[in-house]
Amino acid sequence: MNKAILMTVAACAAMVMSASAADVKENWAKKCAGCHGPDGKGDTKMGKKLEIKDFTDAKYQASLKDEDMLKAIKEGVKDGETPRMKAAEGLSDEEMKALVAYVRAFKK
């Protein structure tokens, strides 16, 4: 009986984790991929225009701090008075942290 309970708990945990993975992927697609691209390379029309850095570049990734990425997601990014990136509105802190982890996974 204990095995059955453990199996059920493990299955539920896997479903929650896969739902979270699906959510972050969906949030990336909706909020970020238009500029950063689906693969994080920034190889989009807007990404090229804004000269977006390649998140798959390990050296660039090393220069990023999680706190700074979170702040950019929460508040957006400005170049002086010119907005370079809009804040990702409508996301919880946990969803924003999941996006940071998602970006980290692009590193090669």
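Student: Is Lys-30 buried or exposed?
Tutor: Lys-30 counts as exposed, at 61% relative accessibility, where exposed means over 50% relative accessible area, buried means under 20%, and partly exposed lies in between, with a 1.4 Å probe and protein chains only. This is a predicted model, in which local features need pLDDT of at least 70 and side-chain atom pairs count only at pLDDT 80 or more, while totals for chains, interfaces and linings use all residues. Residues are numbered from 1 along each chain as its sequence is written, and side-chain values use heavy atoms, with hydrogens and water left out.

Student: OK, and which side chain does Lys-30 meet in a salt bridge?
Tutor: The partner is Glu-26, at 2.8 Å from N to O, a salt bridge being a side-chain nitrogen of Lys or Arg within 4 Å of a carboxyl oxygen of Asp or Glu. Glu-26 counts as partly exposed, at 41% relative accessibility.

Student: How far apart are Glu-26 and Lys-30 in helix H1?
Tutor: They are four residues apart in H1, which covers residues 2–31, so about one helical turn separates them. Helices here are DSSP runs of H or I with at least four residues, numbered from the N terminus. In general, an α-helix has 3.6 residues a turn, so residues three or four places apart point the same way.

Student: How many salt bridges does the structure hold?
Tutor: It holds five, and one of them joins the side chains of Asp-93 and Lys-74, at 3.4 Å from N to O. Asp-93 lies in helix H6 (residues 93–104) and Lys-74 in helix H5 (residues 66–75), so this pair ties together parts that are 19 residues apart in sequence. Asp-93 is partly exposed at 43%, and Lys-74 is partly exposed too, at 41%.

Student: What about Lys-97 and Glu-94, where do they lie?
Tutor: Both lie in helix H6, three residues apart, which is about one turn of the helix, and their side chains meet in a salt bridge of 3.8 Å, N to O. Lys-97 counts as partly exposed at 43% relative accessibility, whereas Glu-94 is exposed at 56%.

Student: Switching topic, which residues of H6 are buried?
Tutor: The buried residues of H6 are Met-96, Leu-99, Val-100, Tyr-102 and Val-103. They cover an arc of only 160° around the axis, so they sit on the same side of H6, the arc being that of the directions from the helix axis to the C-beta atoms.

Terms used
Helix = DSSP H or I, 4+ residues; strand = E, 2+ residues; numbered from the N terminus.
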